[in-house]
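Dear colleague,

I am passing this structure on to you, and I would be glad if you opened it and looked through it slowly before reading my notes.

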Amino acid sequence: MPTFVARVQDGQGTARRERVIADSLADARTVLRDRGLFVRDLRQDKGLTTNIDFKQLQTSLATVTVKDKAVFSRQFAALVNAGVAMVRGLGVLTEQCQNPKLKRALQEISSDVQQGTNLSDSMRKHPQCFDNLYVSMVQAGEVGGVLDEVLNRLAKLLEDVARLQNQIRSAMAYPVTVGIMATVIFIGMTVFILPTFAKVFEDIGADLPEFTKFMLAISEFLRSPRVLILVILVPVVIFAYNQYYKTRVGRETMDRFFLRMPLFGDLIQKTATARFCRTFGALTRSGVPILTSLEIVRDTAGNQVIANAVDEARREIQTGGLISIALQKEQVFPLMAIQMISIGEETGELDKMLMKVADFYEDEVEQAVKALTSIMEPIMILFLGGMVGAILLSMYLPMFKVFEKLG
């Protein structure tokens with residue numbers, strides 16, 4: 001039987017650690033409660049073992065996607081709205097959950113709720129499944145007694161986020177696929193086909209053009225041990241970039257560069273604007289305080305420059321200022337979005353205006369993705385054709401010289 005480690009308090013309020021052997025987490029909690037102890041935290045003791053727990057390994061490797069959380073939120077909202085008890089609803093959703101990590105989290109959340117813990121406090125213990133945004137909205141729903149409405153808003157928010165992510169992935173899928181294919185074809189032809197023709201030209205004594213010599217030099221490099229320098233250099237550069245990006249200065253520099261990139265910069269800005277407005281609007285509409293909402297939006301911005309702008313807006317509100325003025329100073333969001341936010345502040349309907357701005361820019365992102373895809377298609381075809389054409393040209397140029405001599 002597994003061993004569980006718990007942080008408990010006895011009747012005198014003294015905190016200590018206890019180890020319990022039981023069949024399950026619920027049984028261990030029952031044993032401790034029978035001893036007259038108040039359980040603050042209870043987890044299974046992993047210990048040192050030589051046996052591989054494949055189920056535990058599968059759970060640790062699994063990731064909870066936006067779609068998983070959206071489906072859970074929609075189903076949980078329906079159960080709460082139908083009057084099903086929270087513990088019973090969590091039990092039903094746990095049984096049908098396909099994601100092992102989310103299933104494990106729901107089991108522990110159900111156990112905590114059964115012991116009297118708030119749903120939001122229970123979810124906060126599982127940040128890999130439920131982030132601050134999710135927990136804060138659930139907490140606001142619990143306090144306001146509108147948990148089903150908040151869960152439906154969460155489901156809608158997560159579905160919109162998932163749709164936005166899919167649109168961006170679809171825009172990137174084509175150029176990435178064509179780029180990989182072009183690189184593989186170029187390397188294959190350079191390494192295996194070009195040397196064969198070079199040997200033929202050498203046998204007939206043909207003078208090689210400079211372009212052919214250049215391509216043969218590339219072929220020789222790719223077939224020599226020196227190519228290991230390139231193989232090692234690529235991961236080193238990636239590692240150095242990741243380390244630089246982890247610093248605040250590096251993150252700000254690169255994120256600012258991403259926002260100013262041709263073609264992609266406009267898409268990144270519109271995506272960030274839609275995400276900011278959708279998340280901020282959902283939080284304020286659910287009853288989360290504005291300062292807390294801005295703090296959550298800042299942490300989930302995904303871009304340090306935008307996070308700095310949101311943080312500046314938060315400080316502006318603390319001193320009695322307006323969000324729109326602070327955002328305008330940073331010059332990160334489009335002017336139209338700032339003007340609509342300003343109107344929302346003046347009319348006292350900020351959440352409605354934020355949702356309208358989010359809808360507008362999500363449509364803009366969809367159109368930008370279509371335009372980007374239509375632009376990238378001919379560019380990538382030219383890129384692929386150029387790489388293959390360079391190989392063919394390097395092979396045929398010596399032939400033309402041979403034909404001239406024969407003529």
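This is a predicted model: local features need pLDDT of at least 70, side-chain atom pairs count only at pLDDT 80 or more; totals for chains, interfaces and linings use all residues.

The protein contains 17 helices and three strands. Its radius of gyration is 30 Å, well over the 22 Å that the globule rule gives for 407 residues, so the protein is more spread out than a compact globule. The C-alpha trace spans about 105 × 65 × 40 Å along the principal axes, and 41% of the 407 residues count as buried.

Helix H9 covers residues 210–223, and its 14 residues should span 20 Å at 1.5 Å a residue, which agrees with the 20 Å between its end C-alpha atoms. Its buried residues are Thr212, Met215, Leu216, Ser219 and Leu222. These residues cover an arc of only 120° around the axis, which puts them on the same side of H9. On the face of H9 that is turned away from this buried side, you will find the exposed residues Glu210 and Phe214.

With 13 residues, H16 reaches 19 Å from its first C-alpha to its last, which is close to the 18 Å expected at 1.5 Å a residue. Which residues of H16 are buried? They are Ala337, Ile338, Ile341, Ser342 and Gly344, and because they cover an arc of only 160° around the axis, they lie on the same side of H16. Glu346 and Thr347, by contrast, are exposed on the other side of H16. After H16 comes glycine 348, whose phi is positive, near 75°.

Finally, there is a nonpolar patch on the surface, formed by Leu230, Leu233, Val234, Val237 and Ile238, which together have about 420 Å² of accessible area. One of these residues, valine 237, is found in helix H10, which runs over residues 227–246. Valine 237 has a relative accessible area of 48%, and since exposed means over 50% and buried means under 20%, valine 237 is classed as partly exposed.

Terms used:
Residues are numbered from 1 along each chain as its sequence is written. Side-chain values use heavy atoms; hydrogens and water are left out. Helices (H or I, at least four residues) and strands (E, at least two) are DSSP runs, numbered from the N terminus. The expected span of a helix is 1.5 Å times one less than its number of residues. Buried means under 20% relative accessible area, exposed over 50%, partly exposed in between (1.4 Å probe, protein chains only). The arc is that of the directions from the helix axis to the C-beta atoms. Patches are made of residues with over 30% relative accessible area and no salt bridge: like charges are joined within 9 Å, nonpolar side chains (Val, Leu, Ile, Met, Phe, Trp, Tyr) within 5 Å. Accessible areas come from the Shrake-Rupley method with a 1.4 Å probe; for residues, only the protein chains shown count as cover. A salt bridge is a side-chain nitrogen of Lys or Arg within 4 Å of a carboxyl oxygen of Asp or Glu. The radius of gyration is taken over C-alpha atoms; the globule rule is 2.2 Å times the number of residues to the power 0.38.
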